[in-house]
Amino acid sequence: MQELWRKAAGVRDRFLASDPGLIRLLSAIGTVCAVLTALGVLAALHAPVPVLVTGALTAMASTVAVTEPRPRDQALTLAAGVPVTLAITALGSALAPYRVVADVVFVLLIFAALHVRRLGPRATTLGVFAFQLFFVTQFVQARVAQLPQLFLAVTVAFGSSALVRFAVLRSNEERTSARLHRAFRVRLAYVLDALIEVTDGGPRAPRAARAVDGLRRRVVRLHTAASMVQDRQPGGGASGLSAVTPLHGRGRAAEAVTAVERLAITVLRFVWPETDIDTLTRHRSAPRLVGPVVQTRDAAALTALTAELRALRGALGSGRMLPVGDGAGQCLSRDCGDEECLPDVSPALQDVFRTAGEFACAVCDLDAAADEGDADVAGNAATAVGSTAAVVGSTPGSGEQSREEHLPGDAVRAADAPGRNAGAPDVEADSRRGEAGARVRPTTRTALQVATGSALAVVGGELLSPQRWYWAVFTSWVVYIGTASTGDLLVRGFRRLVGTVAGVFAGLALAALIGDDPRWAFALAILSVFGMYYTTAVSYTLMSLFVTTMIGMLYTLLHTLTPAVLVVRIEETALGVGSGLVAAALVLPVGTRQRTDELLREVLERLREALAESSVRWGGGPGKDLFGPSRALGSALDSLRVSMQPLIIPVSPLRSRRRTAIAVLGLLETAAFHARGVADGMARARAGGRLGAEADLVDETLAEEVRRIDRNLASLIGRVAGTGGTALERGCGIAARLAAVGTAAGDGSVRAKRRVLRHLHRVDMSVQELGQTLGMPVRDGA
């Protein structure tokens, strides 16, 4: 029985880790509940099929399109949406008999729905309501005589959405915070599992490369999970962090993730000392993992290290990190400065033991921040976990996950059915890019492109299938969500098409299995609705598969499913993708290179800001928040990574550009990791804690070296912007200081400075390598 409970707890932990805070699960359940409630009420009133369809689709829209974080704002948006949707329903019903006029109005509404995104999330949601409800009236061929029943369906749908949102599944911030904290700990535990596998196997293990790849994947998932948490923090995410000091809330979580990543790197350096491993990024060339035989005195200590990692893993799994007299307690003693606890091993392995101690203390500090004192501090625990994403969010995802998981949670919860919030993720970015000197606002450009693509889709869809033209229009609409360049749109359109083809086969297979049983068809349709909203944030292809499967089940209920209908679905989807690409290429086009250059400049600017703070500290200036610039750097790097997806996917035909993009992204991620290390080391010294006093980090020579790196970054920015840029300067001050510190005594203060110097040196080298990759010369400084 105990073994059964243990396995059940493991399954629960995996589920919590895959969906931090159960955000996606509750979102999908809420959508399904709203749809079922609306259908139940309308069915009890004996509403006809068109009215049932209107109610179901409106319930989806009203549930997923509202994105404000505060319940009061959500209620106001829902209240404002009722008159808007009623007016659009009346307009659509009046124009439904007039096909050409209705199509023109439809395209104009699409333009307006996207153009109003600049006004904020409420205007964005109301625009989506208008677009979706006009579509519904055309889809069900509504007539003016049906308006009373349609008004009833809309009202019932909004009421069902409000009931589910504010009563049935009302969010509990304290409970959500506890789940977020638990998911974060589980992710940390999984990274330790991978580290244990690496140390167990040793340098000559037959599956060493596989173990290292697993370690990297788990670190990636830790970062992407933290990014999702940060997007869905109670009280508006980062805006609610003002009461949390850098080393109390946000800094504790950031310290935990930075510590576990540093621990992983030090382990890999020890096991494979001849490889150049200074980051866990997956966009660098994989080194050949051929390690030497471990020395005899290190071999026994390596076993002890594995035991201590297991003790740390057990403490994480138990939900409490306590300084007891086991392996975890020994780790804590080492980080508190007790050098006597270090075994007599090589310096590299001693560094691993010290780093393990830092990780143990970081997790203890994270627990203290979560459990301390009053309810306000306890409530901030999840905020601390969420803020990790911005501080450490520059580790890349993989495949589709890297794109979707970095979008805001509400913004990615949608599908073919109404409710896709097309504008929410782009409002702030649009305003920033719109003020960057572009002649046309990004919101205006996107609105014109989508309207043009939708117009082409309407015309082509009508010619291809007058009864199914709306599939092409919806595809043309949704493939633009979260895209910012033509290449980005191409990748998203391809995923949409692949998911649709897979969904056609799934729909036909399920229809053949269930036969004419309407109960199974209805159940599978509801499960498909759940699946498409649950998987949107994970895989756009899976979401498209569930959408098409749902359509197949609906046609099964109506006894009209044929292979020809689903073939038309594929054709209309391809037409919608093609229409979107034509519009993106012809109407105010933004090439992938132009877009990535813009974001690359932003990343370099954020890196300059992060290093500027350390320059002030090296010069003895007043201390400021060192984590803020690091969070901004992580956010900018996330955006660049998403924009580079069309260039770095394995099937990209532009092999030279792909290699350059991979190298640039890898160097930037390396620089970002070490910039975070500089901020973390200085923040710990500033706190006067385990690693020494702040005064030990005052060094005017190093301040000048940081200013040299700043000049190099300015030259890189000029090169990327096309305004020139001088040759980069090579300096020797950091290396000289590092060599001098390396010969000094090994107390905590010296170790603090040595670590910060190492990170700063790697930032310097990464910037110089980045310049060489971009074709800039590097000369010796004056």
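The second largest pocket of this predicted model is lined by 38 residues, and Val-53, Leu-57, Phe-139, Leu-554 and Leu-558 lie nearest its centre. The elements giving two or more residues to that lining are helix 2 (23-44), helix 3 (49-64), helix 6 (121-139), helix 18 (469-478), helix 20 and helix 21 (540-557). Helices here are DSSP runs of H or I with at least four residues, numbered from the N terminus. A pocket is found on a 1 Å grid over the protein atoms alone, as an open set of points where a 1.4 Å probe fits, with protein on both sides within 12 Å along at least five of seven lines; lining residues have an atom within 4 Å of a point. The volume of the second largest pocket is about 1,000 Å³, meaning the space filled by probe spheres set on the points, which are joined across faces, edges and corners.

What classes of residue make up this lining? It has 31 nonpolar, 3 polar and 4 charged residues, where Ala, Val, Leu, Ile, Met, Phe, Trp, Tyr, Cys and Pro count as nonpolar, Asp, Glu, Lys and Arg as charged, and the others, Gly among them, as polar.

Let us follow helix 3, which gives the largest share of the lining, 7 residues. Helix 3 has 16 residues and spans 23 Å from its first C-alpha to its last, close to the 22 Å expected (1.5 Å times one less than the number of residues). Of its 16 residues, 12 are buried, including Leu-57, Ala-61 and Val-64. Buried means under 20% relative accessible area, exposed means over 50%, and partly exposed lies in between, with a 1.4 Å probe and protein chains only.

Now for the rings. The whole structure holds 14 aromatic pairs. In one of them, Phe-530 and Tyr-534 have ring centres 5.5 Å apart and planes at 10 degrees, so this pair is stacked. Rings of Phe, Tyr and Trp (its six-membered ring) pair if their centres lie within 6.5 Å, with planes under 30 degrees apart called stacked, over 60 edge-to-face and the rest tilted. Phe-530 and Tyr-534 are 4 residues apart in helix 20 (residues 518-535), about one helical turn. Phe-530 is partly exposed at 25% relative accessible area, whereas Tyr-534 is buried at 15%.

Finally, visit the loop between helix 22 (563-586) and helix 23 (592-618), where Val-590 lies. Val-590 is buried, at 9% relative accessible area, and its C-alpha is 7.4 Å from that of Ala-484, 106 residues away in sequence. Leu-588 is found in that loop too; it has a positive phi of about 45 degrees although it is not a glycine, and is partly exposed at 34%.

A note on reading these values: residues are numbered from 1 along each chain as its sequence is written. Local features need pLDDT of at least 70 and side-chain atom pairs pLDDT 80 or more, while totals for chains, interfaces and linings use all residues, and side-chain values use heavy atoms, leaving out hydrogens and water.
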